[in-house]
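Me: I have a chain open here and would like to talk through its fold with you. Could you start with the sheet?

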Amino acid sequence: MTILEKVHENPSGLPRRVRQANVARLLAALGRPERGLRGMLVVGTNGKGSTCAFAVSAVAATGARVGSMPSPHLQEPRERIRIDGAPVTRAEYAAAFTEVWEAVERDHLPVLAQGLHATTAAVHFRQSGTSLAVAEASIGGSRAAARELDLDVKVVTGIGLDHVRLLGGSLAHVARAKVEAAQDGDHVVLGRLDPEAASVAAQVLKERSGLSVWRMDHEIRYTARTVGGAGDRGPTTLVDVTTPRGVHRDLPCPLAGAHQHHNLAVAIAAVDAMAERGHIREPEGGRLRAGLAATSWPGRLELVPEARLGDWTGRVLLDGATNPQGVTTVAPEILRHTLTTERPGRPPVLVFSAFKEKNVSGMLAPLPAQWPLVLTRTNSHETADPADLRSRLASAGRGPCVTAEDTPAALHRAGDLAGPGGLIVVIGSHRLVGEARTALGLPPV
C-alpha cells in the first residue's frame with residue numbers, strides 16, 4: 001500500500017474535518033511555503049481542468065513563469081504539480097513530497113490526500129522560485145485544501161449535482177459549498193450558472209466584503225465561430241471574449257466541444273482579473289493566441305487514432321466525465337466520432353467504471369443504449385464493483401453488458417467486441433482514463 005493509499009484509509013482514525021483543518025497547521029510547520037504566491041483558485045463541478053489549462057497558456061504568454069495544480073492526476077501524482085504546463089520530474093516531486101511527509105510525521109499532522117497534494121505543490125513552488133499559481137480545487141471549495149494557499153482570484157466554472165454525500169443533495173447545497181471558497185477582498189469570476197445556483201452564489205457573495213465580481217453573460221461575454229475547412233488544415237474555432245478590461249479577438253480553442261468555448265472565456269476573464277490585480281502583465285494578442293493554440297488537456301475527449309491492444313488495432317476515445325452533467329456535455333462529441341468509424345455497421349464499445357456513490361444510470365443515459373458495455377474496476381478503493389454496476393444497470397435497458405476484472409482486461413474485451421478498426425470509448429472516472437492511457441502505452445503528460 002502506497003503512502004497516499006494509507007492516507008485515504010485514514011490510519012490515524014481522525015475525523016475528516018480535523019484532517020482538513022490540519023492543512024493550515026501543516027503549512028505553518030513547513031514555514032509557510034505559500035507565502036508570496038499569487039494567482040487563481042478554480043472551483044466548480046465540471047470544466048475546472050480545461051479552464052486551468054487555458055489559464056496557464058494565457059499567463060505563460062505574458063512571459064511569466066506559472067505553476068499549476070490540476071486535480072486529479074491520471075497516471076502519476078507528479079502530474080498534479082506543473083511549471084508552465086509541464087509536470088515536474090519524479091525527482092522534483094519526491095523532493096517536495098519528502099519535505100511534506102517529514103513534517104506530517106514530525107508534528108503529528110495527518111491530512112487528507114488533497115492536503116498532501118496542495119502542500120507538496122506549495123513546497124515545490126517555493127523550491128523552484130515560482131510565485132504565480134493556477135490551482136484547481138478538488139471536491140468542494142470552502143473546505144478544499146488548495147483554498148489555504150490564499151490565492152485572491154476565485155473562479156467558479158459551473159455548478160452541478162456531484163459528490164452529494166459530501167456537498168449536499170441539491171444545487172443550492174453544492175453551490176454554497178463551491179462559492180464559499182471566496183474570501184473578503186477577492187476578485188470572483190463566475191461561469192454560467194443555473195438560476196438556483198446563481199441565486200445562492202449571490203447570497204454567499206453578499207456575505208463577503210470588498211469583492212470584485214465578474215459574471216458570465218453580464219460582465220463577461222463571448223462568441224465563437226468556425227473558420228477554415230477543405231484544403232486547409234481543417235476547421236478552427238475562434239472565440240471573441242469581452243471582459244471589463246477589454247476585448248480579446250480571434251482566440252483559438254483547440255480543445256473539442258462547444259463547452260470548451262465557455263471554459264476558454266472563463267479562463268481569459270480570470271487572467272484579466274489577475275492583470276487587474278497587478279499579478280501579471282496584460283498578455284499581448286499574438287503571443288496569447290499562439291499560447292492558447294498549443295493548449296492540450298489529456299484524458300478529455302482525447303482520441304488515440306491508432307491504438308494497439310495485442311492483435312487489435314483501432315481508435316480509443318478517452319474522457320474523464322464523472323457525472324451525468326459531464327457526460328451530457330461531451331456526448332455530442334462522442335457521437336460525432338462514431339460518424340467516422342471504419343466499421344459503421346458495428347457500434348462503438350463503452351468501457352465504464354465509476355465510484356460507488358455515482359449515479360451510474362444517469363451517467364450512461366446520454367449515450368446510445370444499444371452500444372455494448374464493458375464494466376470494470378480501477379485500483380481506487382472508491383471504485384464500484386463491476387458486478388454491482390451490472391446489477392444497478394439491469395433495469396436501464398442497455399445493450400450487451402459484460403464485466404472485466406481490471407482496466408487492461410476491459411480494453412482487450414472491448415477490442416474483441418468492437419472488431420478491427422472499431423472505436424472504444426473509455427468514460428466514467430479519471431482513474432479509469434489514466435489506467436487506460438497506461439495500458440495503451442501513453443506516457444504521463
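Reply: In this predicted model, eight strands form an open sheet with mixed pairing, and their order is 4-3-2-5-1-6-7-8.

Me: Which strands are at the edges?

Reply: The edges are taken by strand 4, residues 86-87, and strand 8, residues 212-215, each of which pairs on one side only.

Me: And strand 1 with strand 5, parallel or antiparallel?

Reply: Strand 1, covering residues 38-43, and strand 5, covering residues 132-136, run parallel and are joined by five bridges. Within that pair, Met 40 has Val 134 of strand 5 as its bridge partner.

Me: OK, zooming out, how many helices and strands are in the chain?

Reply: The chain holds 15 helices along with 17 strands.

Me: Why does the radius of gyration agree with a compact globule?

Reply: Because a compact globule of 445 residues would have a radius of gyration near 22 Å, the 21 Å found for the chain agrees with that expectation. Along the principal axes, the C-alpha trace spans about 60 × 55 × 45 Å.

Me: What share of residues counts as buried, and what about the surface?

Reply: Of the 445 residues, 55% count as buried, while the accessible surface of the chain comes to about 18100 Å², with 50% of that belonging to carbon and sulfur atoms.

Me: How far apart are the mean positions of the charges?

Reply: The mean positions of the 50 positive and the 45 negative charges are 1 Å apart.

Me: Last one, what about contacts along the sequence?

Reply: Taking contacts between residues at least 6 apart in sequence, 73% join residues at least 24 apart.

Conventions:
Residues numbered from 1 in each chain as written. Predicted model: local features only at pLDDT ≥ 70, side-chain atom pairs only at ≥ 80, totals over all residues. Heavy atoms only, no water. Helix = DSSP H or I, 4+ residues; strand = E, 2+ residues; numbered from the N terminus. Rg over C-alpha atoms; globule rule 2.2 N^0.38 Å. Buried < 20%, exposed > 50% of the residue type's maximum accessible area, 1.4 Å probe, protein only. Contact = heavy atoms within 4.5 Å. Areas by Shrake-Rupley, 256 points an atom, 1.4 Å probe, with all protein chains shown as cover. Lys, Arg positive; Asp, Glu negative; His and termini not counted. Charge placed at Lys NZ, Arg CZ, Asp CG, Glu CD. Pairing = 2+ DSSP bridges.
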